[in-house]
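Dear colleague,

I am handing over the structure below for your review.

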Amino acid sequence: MTVTTDTVRTDHGVPGARNRAKRSGARHRLVTHYLFMAPTIIVLALVVAAPLFYSFYLSFHEFIITYGQGDFIGFDNYVGALADDFGEVSWVTMKLTFFAVALEFLVAFGLALLLNRPTLRFREGYLVILMIPILMTPVAVALMFRLMFNPNLGIINWVLSLLYIPGQGWFGDPAMALPTVIFVDVWHETSLMLLMLYAGLKSLPSEPIEAARIDGASRLQIIWYVIVPLMRPIILVTLLIRMISALKSYDLIYMLTQGGPGKATETISFYAYRLGFRFLDIGQAAAVSFVLLGVVIILTLLLLRVMREN
Amino acid sequence: MIDEPKWLRVATHAILIFASAVILLPLLWVLRTSFADKVIAYKIPPDLFFTPTFDNYRDILLQFDFGSFFLNSLLIAVMTTLIALAIGALAAYVIDRHRTGGPVAPIAILATQMMPPIVLVIPFFLIFKKIGLTDTHAGLVISYLTFNLPYVIWLLMSFFKRVPRELDEAGLIDGCSPFTVFLRIVLPAALPGIGAAAVLSFVLCWNEFLFALMLTGQETKTLPVAISSLVTQQGTAIGAVSAATMLAITPMVIVYFAIRKLLVAGLSLGAVKG
């Protein structure tokens, strides 16, 4: 108490001292805050920013693994890599992203609505089972389905034969490979979307839904005119997060098809990997990876804007 | 409560049971195959009942040395998680409380977390080769920090947000230093969140594939890489592959059942809210 009055009196005595004290205090605090940040800044500078700049630098140079770094060649790597198979792999990546994310969303939103019904019994049991895939490594998921989709030894063609449906080539059939990969992706990734959408539904205010019910709206009307608009920001965030991760698809492709047959399932990430570590052309691989990074950054900025607005 | 037609209740359960079956049946099938001997594993039409054998598990543990790959995965995931938590908690705290780093900080964190791994694997592969970090545990831990540190910060930011600021202020007025306030007051208050972040970060490392594939060798292989090489080595050694797959999944499923509530809260928070 006495201390406080003392300080106030001194401040009155010397005009400006209070401001100065405040400013130096603020500066001191700022330094403390950045000390908290320092380890993170140092680590991210060393392990993210530095490799990123190095790779960006390489993307403008000739670099074959066996020969090492060569001359500065401007945009040749970009032009070369983009002219080559880039169109094809971008198209595959876009199809994979679109169909996988769309299917995952429809299934996840439907299941989330069912799970959110107030009178539902065994809710916990369903949730436990439906969340299992979230924690599985894509490698395990891929292997599981490789065994089951094996045309000769797999269980799926056998089950189909019981239903008088002819067996398919699945991953080996150029027309079937991408849809089969999408199926595996949907099996694996729907859980995460379901979790996010279900958490979103649970956080919705109940008043507007009650009001609509009292006004005599049907179940479908409530979903379409009340729940969907309320869920809009969460739906957008969920879609963007999944789109970003689908665009990066690599693990499943590596394990299921290695991009084949031909290039039927080759994604941009796998293409960059193939250029760099099969054809040993690091320069071109780096160039492709930066094009992908550009797309991902644009979507991430979009995601941040949606998050901010709410 | 709310009256609803019977068909709706039946249809709801029918759909949910079908979805659960789609998830469970493949897992059960792999579990079944992991206990089958070679003849039964390849048999079509398959036998549903047979005498289970542990040969596949014995093979992958003794012949293919999966025990040490398991330990590699464990060691790398634990190390990465501890470092990321120690560093990330400090940063997440000041970003949440004082907006340190301004508007750039959250953007940089999120963008780093979203970065395609292929972008960083290329330079890491070259740099590690040059400085001898290829096929070392330390090397993989370093590369895992690239995605794990931002992920942990992002999660912890939202957990710290739930700790009332009045607690900090009370501590500061009592004369604690900012670090003491963080260590003694905020951290204990956010402990469940930190637990969730630790588990999620562990899972992320445990399941990672591309960095491990490119940066490890025989000595430091993690489980996903070991399983993937089992496939190419053995063609289709169905039983062994199934057993290895179960070995990779089981610890995660145990973690999941042990702390499901915490995990679900963390996952939805980290993913949905900012």
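**Cavities in the model**

The largest cavity holds about 1,400 Å³ of space. A cavity here is a set of points on a 1 Å grid over the protein atoms alone where a 1.4 Å probe fits but cannot get out, and lining residues have an atom within 4 Å of a point. Grid points are joined across faces, edges and corners, and a volume is the space filled by probe spheres set on the points.

This is a predicted model, in which local features need pLDDT of at least 70 and side-chain atom pairs count only at pLDDT 80 or more, while totals for chains, interfaces and linings use all residues. Residues are numbered from 1 along each chain as its sequence is written, chains are lettered from A in the order in which they are written, and side-chain values use heavy atoms, with hydrogens and water left out.

In total, there are four cavities of 30 Å³ or more. Around the largest cavity are 50 lining residues, and those nearest its centre are Glu189(A), Leu192(A), Ser245(A), Lys248(A) and Leu204(B). Helix α7 of chain A (residues 174-202) supplies the largest share of this lining, six residues; helices are DSSP runs of H or I with at least four residues, numbered from the N terminus.

The second largest cavity has about 130 Å³ of space. Its lining comprises 16 residues, with Leu153(A), Trp29(B), Thr33(B), Ala41(B) and Ile238(B) nearest the centre. Here α1(B) contributes the most, with four residues.

Yours sincerely

How values were computed: 1 Å grid on protein atoms, 1.4 Å probe; cavity = no way out; pocket = protein on both sides within 12 Å on 5 of 7 lines; lining within 4 Å. Helix = DSSP H or I, 4+ residues; strand = E, 2+ residues; numbered from the N terminus.
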